[in-house]
Amino acid sequence: MAMEHAGTLRSPAWQPLAGLISGLVPAGVFTFYRNMPDVPSPAVMDGRPLDDLLVAIARDRDRTAFGLLFGRMAPRLKAYLLRSGVGAAQADELVQEVMLMVWRRAGTFDPARAVASTWIFTIARNKRIDAIRHDRRPEFDPEDPALVPAQAPAADRSIETAEDSARLRDAIGKLPVEQAELLRLAYFEDQPHTMIAQQRGLPLGTVKSRLRLAMERLRRDLAGS
Amino acid sequence: MMRPTHQLPVHHPSLELLLDYAAGSTSEAAGLALATHLALCPECREVVAQFESVGGALLEEIQPAAMPPDALDDLLARLDEPVPAPAPACRSTADVDALCPLPEPLRSYIGGDLQAIRWKQVMRGVDQVVVAVGRGRTGKVRARLLRIGPGIRIPRHTHDGTEMTLVLAGGFSDGDRQYQRGDFSFSDGEIDHSPVADDDGECLCLTVTDAPLRLTGPLMRLLNPFIRF
């Protein structure tokens, strides 16, 4: 998280704010960017939080922001799709489709509900289900009058902040190896946990208990703060 | 016995099932049962949202795979393409005023109108209808609506595979467990059970099975070749 804030402050869009604190860092850091405002260094812009990029895409139809988001996420989306067993050419195509949806649906991204990577993950996941399994993904409709609302909407915990996201990545990094490995299989391999057990020759009970331990731990880390 | 209708479900899918759903690896039929439970259960919606965040975090830290050098330019050139008209909404608005409304996504899967369903009798007091699920391969996975008359006992049986049951109206008991609207039960081959519908009304359930059930009662097992579950 600290890294992302640093990136925000260093990017040209934040120069006025950066100017306020420029006394805290060597002056050259900011004058460098002030001198070339139209050609932001990708390395620096790369530090802009994904959420900011997505908001800029939605609000301003900002192609530069889209290019940066593509640079960050497309290779990861490709890796995600390759892990689920599609060939490289199909993965390239699917990434393009996912990123096109990101461009078109950016207006529905609500940074108050989830961070950008979570939102993009759900789009990629649904694209994978559609393309590989030719299935629909049944989903509840948040506007459905028959939906049972949360009893304490003020305490709705499905709000995800950048801090949550950083804490989550940190918590995943600290999981025991065998739990982290299974967790990645569960998310990346397009196999329910029962099939993972079968294919890896692991007892189903072992798979279940490792996944459960991992998920309970991550949920605790998300809740406790 | 009966819980007030506003009460939230007490029997939930396991964390592993919710994880499969969030990760996108459940069959469409299982997804239908899980998503319909989510419509009735804010607690599990919250868990799935958390698990989706885990997916986002894993996506951020995955080892990237290089895209072709011209991929971004190709895509930038496509950004102004006209957006294809969205698929016609298949959402139904019918039936939501009913006493125990069917939530989405199930409501659309059954065509919106519970009254228009053409039930088929399975045994005395038990009717079923198969819910059409999946354009692709579904294997042996079947989703069904079951309508069970008041006080009717389902003959003692087990499953070669697994069975998910979601209560939509009324209730049933299975051993010492009580299931009401929104409650989700999962059983596998190790469970040999004989659920009984509550006395005070019909029980409406969605079941998803991946293998036929087997009757296990002393005489009923003779009927195995003939039952239509």
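Select Asp190(A). At 13% relative accessibility, Asp190(A) counts as buried, because buried means under 20% relative accessible area. Keep in mind that this is a predicted model. Asp190(A) sits in the loop between α10 and α11 (193-200) of chain A. Now look at its backbone. Asp190(A) has a positive phi of about 55 degrees, although it is not a glycine. Most residues other than glycine have a negative phi.

**Next in the loop: Gln191(A)**

Select Gln191(A). This residue, too, lies in the loop between α10 and α11 of chain A. Is Gln191(A) buried or exposed? Gln191(A) is buried, with a relative accessible area of 19%. Now show what surrounds it. Leave aside the neighbours within four places in sequence. Gln191(A) is then in contact with Ala186(A), Ile196(A), Gln199(A) and Ser25(B). Note the chain letter on Ser25(B).

**Into helix α10 of chain A**

Select Ala180(A), which has its place in helix α10 of chain A. At 7% relative accessibility, Ala180(A) counts as buried. Which residues does Ala180(A) touch, leaving aside its neighbours within four places in sequence? They are Ile172(A) and Leu175(A). Ala180(A) and Arg167(A) are 13 residues apart in sequence. In space, their C-alpha atoms are 15 Å apart.

**The aromatic rings**

Show the aromatic side chains. Over all chains, the structure holds 6 aromatic pairs. Zoom in on Tyr80(A) and Phe188(A). Their ring centres are 5.9 Å apart and their planes stand at 75 degrees, so the pair is edge-to-face. The cut-off for that label is planes over 60 degrees apart.

Where do the two residues lie in chain A? Tyr80(A) is in helix α6 (residues 63-83), and Phe188(A) is in helix α10 (residues 177-188). The pair therefore ties together parts that are 108 residues apart in sequence. Tyr80(A) is buried, and Phe188(A) is buried as well.

Together with Tyr80(A) and Phe188(A), they form one aromatic cluster.

Move to Arg61(A). It lies in the loop between α5 (50-60) and α6 of chain A. Check the backbone here. Phi of Arg61(A) is near 50 degrees, a positive value in a residue other than glycine. Is Arg61(A) buried or partly exposed? With a relative accessible area of 37%, Arg61(A) is partly exposed.

**Where chain A meets chain B**

Select helix α7 (residues 88-105) of chain A and helix α4 (residues 71-78) of chain B. These two pack at an angle of about 45 degrees, with their axes 11 Å apart. That makes α7(A) oblique to α4(B). The crossing of α7(A) and α4(B) is right-handed.

Show the side chains. On the α7(A) side, pick Gln96(A), Met99(A) and Leu100(A). They meet Ala71(B), Asp74(B), Leu75(B) and Arg78(B) in α4(B). The residues of this contact divide into 4 nonpolar, 1 polar and 2 charged.

**Chain B as a whole**

Now select chain B. How many helices and strands are in chain B? There are 5 helices and 11 strands. Of the 229 residues of chain B, 56% count as buried. Consider contacts in chain B between residues at least 6 apart in sequence. Among them, 68% join residues at least 24 apart.

**Two helices of chain B**

Select helix α1 (residues 15-23) and helix α2 (residues 28-40) of chain B. They pack at an angle of about 105 degrees, with their axes 11 Å apart. That makes α1(B) roughly perpendicular to α2(B). From α1(B), the contact uses Leu17(B), Leu18(B) and Tyr21(B). From α2(B), it uses Gly31(B), Leu34(B), Ala35(B) and Leu38(B). By class, this contact has 6 nonpolar, 1 polar and no charged residues.

**A cis bond**

Select Glu104(B) and Pro105(B). The peptide bond from Glu104(B) to Pro105(B) is cis, with omega near 5 degrees. Most peptide bonds are trans. Pro105(B) lies in the loop between α4 and α5 (106-109) of chain B.

**Last stop: a strand**

Select Leu168(B), in strand β5 (residues 163-169) of chain B. Leu168(B) is buried, with a relative accessible area of 0%.

How values were computed: Residues numbered from 1 in each chain as written. Chains lettered and ligands numbered in written order. Predicted model: local features only at pLDDT ≥ 70, side-chain atom pairs only at ≥ 80, totals over all residues. Heavy atoms only, no water. Axes fitted to C-alpha atoms, helices over the stretch in contact; angles between N-to-C directions. Helix = DSSP H or I, 4+ residues; strand = E, 2+ residues; numbered from the N terminus. Parallel < 35°, antiparallel > 145°, perpendicular 65-115°, else oblique. Left-handed = near helix turned anticlockwise from the far one by under 90°. Contact = heavy atoms within 4.5 Å. Nonpolar A, V, L, I, M, F, W, Y, C, P; charged D, E, K, R; others polar. Phe/Tyr/Trp six-rings, centres within 6.5 Å; stacked < 30°, edge-to-face > 60°. Buried < 20%, exposed > 50% of the residue type's maximum accessible area, 1.4 Å probe, protein only.
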